[in-house]
Amino acid sequence: MALSAAQEERNKWQGGEASVLVDHAEYLPGIYQEFRERYPGVASAQDTLAQEMASATPFDDRTVRLLKLALAVGAQSEGAVRSNTRKALALGASADELRAVAMLAVTTCGFPTAIAGLGWIDDVDSAPTSGG
């Protein structure tokens, strides 16, 4: 039986046969790389929008990343949780801080949402890194 893309991604993060060393700051999922290649104009416009949105806030980069992680957990967006976890770690956030973000979802978004977010954060945090 073939694995779904999500199952293959989880297998990679959990150290299965597809396991790779990950540079948290540089990792881009294959589907995202394909999107950027297929739709470079849309990708560029999205990059510009993201930069403009971030610069329109009073928050530093690390705080923006933690807020985006919280939004991703609340939206139950696995890819966004993983991406924002990698980026937050690269900006110096601790794994405990990232887990705290997910735990705050319990009373707002519900226990299952928080637990899913914790699992995705832990998957990224426990992935072997190229720097260590």
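Q: Is the crossing of α6 and α8 left-handed or right-handed?
A: This is a predicted model, in which local features need pLDDT of at least 70, side-chain atom pairs count only at pLDDT 80 or more, and totals for chains, interfaces and linings use all residues. Residues are numbered from 1 along each chain as its sequence is written, and side-chain values use heavy atoms, with hydrogens and water left out. A crossing is left-handed if the near helix is turned anticlockwise from the far one by less than a right angle, and right-handed if clockwise. By that rule, the crossing of α6 and α8 is right-handed.

Q: Are α6 and α8 roughly parallel or roughly antiparallel to each other?
A: The axes of α6 (residues 95–103) and α8 come within 8 Å and cross at roughly 160 degrees. Axes are lines fitted to C-alpha atoms, for helices over the stretch in contact, and angles run from 0 to 180 degrees between N-to-C directions. Angles under 35 degrees count as roughly parallel, over 145 as roughly antiparallel, 65 to 115 as roughly perpendicular and the rest as oblique. α6 and α8 are therefore roughly antiparallel.

Q: Which residues of α8 make the contact with α6?
A: Contact here means heavy atoms within 4.5 Å. On the α6 side, Ala 95, Leu 98, Arg 99, Ala 102 and Met 103 take part. Their partners on α8 are Ala 114, Gly 117, Leu 118, Ile 121, Asp 122 and Asp 125.

Q: How many residues of the contact of α6 with α8 are nonpolar?
A: Ala, Val, Leu, Ile, Met, Phe, Trp, Tyr, Cys and Pro count as nonpolar, Asp, Glu, Lys and Arg as charged, and the others, Gly among them, as polar. With one polar and three charged residues in this contact, the number of nonpolar ones is seven.

Q: How many helices does the secondary structure of the protein have?
A: Helices (H or I, at least four residues) and strands (E, at least two) are DSSP runs, numbered from the N terminus. From that end on, the elements run α-α-α-α-α-α-α-α. The protein has zero strands, and its helix count is eight.

Q: What share of the 132 residues of the protein counts as buried?
A: Buried means under 20% relative accessible area, exposed over 50%, and partly exposed in between (1.4 Å probe, protein chains only). Counted over the 132 residues of the protein, the buried share is 28%.

Q: Which residues is Asp 125 in contact with, leaving aside its neighbours within four places in sequence?
A: Asp 125 is found in helix α8 (residues 111–126) and is partly exposed, with a relative accessible area of 30%. Beyond its neighbours within four places, Asp 125 is in contact with Leu 89, Ala 95 and Arg 99.

Q: What does the crossing angle make α5 relative to α8?
A: Helix α5 (residues 78–90) and α8 have axes that come within 9 Å and cross at roughly 45 degrees. That angle makes α5, relative to α8, oblique.

Q: At what angle do helix α2 and helix α3 pack?
A: Helix α2 (residues 30–38) and helix α3 (residues 40–55) have axes 5 Å apart. Their arrangement is roughly perpendicular. Tyr 32 and Phe 35 of α2 are among the residues making the contact, as are Pro 40 and Val 42 of α3. The packing angle is about 110 degrees.

Q: What is phi of Gln 76 near?
A: Gln 76 sits in the loop between α4 (61–74) and α5. At 45% relative accessibility, Gln 76 counts as partly exposed. Its phi is positive, in a residue other than glycine, and is near 55 degrees.

Q: How far apart in space are Leu 67 and Val 101, C-alpha to C-alpha?
A: Leu 67 lies in helix α4 and counts as partly exposed at 39% relative accessibility. Leu 67 and Val 101 are 34 residues apart in sequence, while their C-alpha to C-alpha distance is 8.4 Å.
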